[in-house]
Amino acid sequence: MAITLVNPDGLPKPDVYRQLSIATGSKLVFLAGQVARDAEGRKVGDGDLAAQVEQSYLNIGTALAEIGGSFGDVAKLTIYVVDWSPDKMPLLGEGVARAGAKLGVDLVKPITLLGVSALGEPDLLVEVEATAVLD
């Protein structure tokens, strides 16, 4: 399986995500939105967006490892952030960078970032869902 990330000519070339993800493989995987809960369901990063982003990304890596994949197999992410504003971008980036360092992979993927008024639980600041392609 291979994921090729592309920023095509004629579109902006952002540093924090890619415009396209070209995936080859035979198994399409849709992960439920991951939040800042550890394996025992305990809250991680109360009120800390960077910590919650980090845990959400780590949970994606854990889920994919369970089925023989890795974060490298992720083709697309959708990120939901409570009360989003552009001044939160550095915290989002910090959480992604910390998760990337722990997972040992580049986490820059095509993303859709959505600001929402609330998530399923009142203490959650972010939820990240992923689509992956595995062989």
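Predicted model: local features only at pLDDT ≥ 70, side-chain atom pairs only at ≥ 80, totals over all residues.

Biologist: OK. Is Tyr 57 buried or exposed?

Modeller: Tyr 57 is buried, because its relative accessibility is 2%, under the 20% cut-off.

Biologist: How many aromatic pairs are there?

Modeller: The count is 1 aromatic pair. Its members are Tyr 57 and Phe 71, with ring centres 5.4 Å apart and planes at 10°, so they count as stacked.

Biologist: Where do the two residues sit?

Modeller: Tyr 57 is in helix α1, residues 49-66. Phe 71 is in the loop between α1 and β4. They are 14 residues apart, and the pair links distant parts of the chain.

Biologist: And Phe 71, buried or exposed?

Modeller: Buried, with a relative accessibility of 2%.

Biologist: Switching to charges. How many salt bridges are there?

Modeller: The structure holds 10 salt bridges. One of them joins Arg 37 and Glu 121, at 2.4 Å from N to O.

Biologist: Which parts does that pair tie together?

Modeller: Arg 37 lies in the loop between β3 and α1, and Glu 121 in the loop between β5 and β6, so the bridge ties together parts 84 residues apart in sequence.

Biologist: How accessible is Arg 37? And Glu 121?

Modeller: Arg 37 is buried, at 15%. Glu 121 is partly exposed, at 35%.

Biologist: What does Asp 123 bridge to?

Modeller: Lys 43, with the closest N and O atoms 3.7 Å apart. Asp 123 is in the loop between β5 and β6, while Lys 43 is in the loop between β3 and α1. That is 80 residues apart. Lys 43 is partly exposed, with a relative accessible area of 43%.

Biologist: Which residues are linked in a network of salt bridges?

Modeller: Arg 37, Lys 43, Asp 46, Glu 121 and Asp 123.

Biologist: What about Lys 13, which residue does it meet in a salt bridge?

Modeller: Asp 9, at 3.5 Å from N to O. Lys 13 is partly exposed, at 46%. Asp 9 is exposed, at 71%.

Biologist: Last topic. Where is Thr 78?

Modeller: Thr 78 is in strand β4, residues 74-82. Thr 78 is buried, at 12% relative accessibility.

Biologist: Which residues does Thr 78 touch, leaving out those up to four places away in sequence?

Modeller: Thr 112, Leu 114, Glu 127, Val 128 and Glu 129.

Note on methods. Residues numbered from 1 in each chain as written. Heavy atoms only, no water. Helix = DSSP H or I, 4+ residues; strand = E, 2+ residues; numbered from the N terminus. Buried < 20%, exposed > 50% of the residue type's maximum accessible area, 1.4 Å probe, protein only. Contact = heavy atoms within 4.5 Å. Phe/Tyr/Trp six-rings, centres within 6.5 Å; stacked < 30°, edge-to-face > 60°. Salt bridge = Lys/Arg side-chain N within 4 Å of Asp/Glu carboxyl O.
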